[in-house]
Amino acid sequence: MLKPECVLKLKEQFKSEIMAYNSYKMIVNMTSDGYLKEALDEVMYDEYLHAKFIRSYLIENNAYDPMQNEELEKMFAAILSD
């Protein structure tokens, strides 16, 4: 059983991972530097994996309900459609 404070921190981290992904994506869209784009694509993939793990872990431990977190789910779905 996860402690409530742990659940809260993991939910915050899930959101942080999504926000970081989106920040890097914005930079990728702003630059024409191919090297930077490649590097940030890798970083973005890591952020996605982090978010995916945290989300799955919380769901498996009955600590996160996607139906009750519509805004986060929309942001996560946008990453999946990239």
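**Entry 1: overall layout**

I read the chain along its sequence and noted the pattern α-α-α. The secondary structure comes to 3 helices and 0 strands, where helices (H or I, at least four residues) and strands (E, at least two) are DSSP runs numbered from the N terminus. This is a predicted model, so local features need pLDDT of at least 70 and side-chain atom pairs count only at pLDDT 80 or more, while totals for chains, interfaces and linings use all residues. Residues are numbered from 1 along each chain as its sequence is written, and side-chain values use heavy atoms, with hydrogens and water left out.

I took the box along the principal axes: the C-alpha atoms fill roughly 45 × 20 × 15 Å. Of the 82 residues in the chain, 29% are buried (buried means under 20% relative accessible area, exposed over 50%, partly exposed in between; 1.4 Å probe, protein chains only). I then looked at contacts (heavy atoms within 4.5 Å) between residues at least 6 apart in sequence, and 65% of these join residues at least 24 apart.

**Entry 2: helix 3 and its buried side**

I listed the buried residues of helix 3 (residues 70–80): they include Leu72, Glu73, Met75, Phe76 and Ile79. Seen down the helix 3 axis, the buried residues fall within an arc of 160 degrees, so they line one face of the helix; the arc is that of the directions from the helix axis to the C-beta atoms. An α-helix has 3.6 residues a turn, so residues three or four places apart point the same way. On the face turned away from the buried side of helix 3 I found the exposed residues Glu70 and Glu71. What do the buried residues of helix 3 pack against? They pack against helix 1 (4–30) and helix 2.

**Entry 3: helix 1 with helix 3**

I noted an angle of about 45 degrees between helix 1 and helix 3, with their axes 10 Å apart. Axes are lines fitted to C-alpha atoms, for helices over the stretch in contact, and angles run from 0 to 180 degrees between N-to-C directions. That makes helix 1 oblique to helix 3 (under 35 degrees counts as roughly parallel, over 145 as roughly antiparallel, 65 to 115 as roughly perpendicular and the rest as oblique). The crossing of these two helices is left-handed, meaning that the near helix is turned anticlockwise from the far one by less than a right angle; clockwise would be right-handed.

From helix 1 the contact uses Phe14, Lys15, Ile18, Met19 and Tyr21, and from helix 3 it uses Leu72, Glu73, Met75, Phe76 and Ile79. I sorted the residues of this contact into 8 nonpolar, no polar and 2 charged. Ala, Val, Leu, Ile, Met, Phe, Trp, Tyr, Cys and Pro count as nonpolar, Asp, Glu, Lys and Arg as charged, and the others, Gly among them, as polar.

**Entry 4: helix 2 with helix 3**

Helix 2 (residues 34–60) packs on helix 3 at about 135 degrees, with the axes 11 Å apart. The two are therefore oblique to each other, and I recorded a left-handed crossing. Tyr48, Ala51, Lys52 and Arg55 of helix 2 meet Glu73, Phe76, Ile79 and Leu80 of helix 3. By class I have 5 nonpolar, no polar and 3 charged residues here.

**Entry 5: Asn62**

I located Asn62 in the loop between helix 2 and helix 3. Is Asn62 buried or exposed? Asn62 counts as exposed because its relative accessibility is 74%. Asn62 has a positive phi of about 55 degrees, although it is not a glycine.
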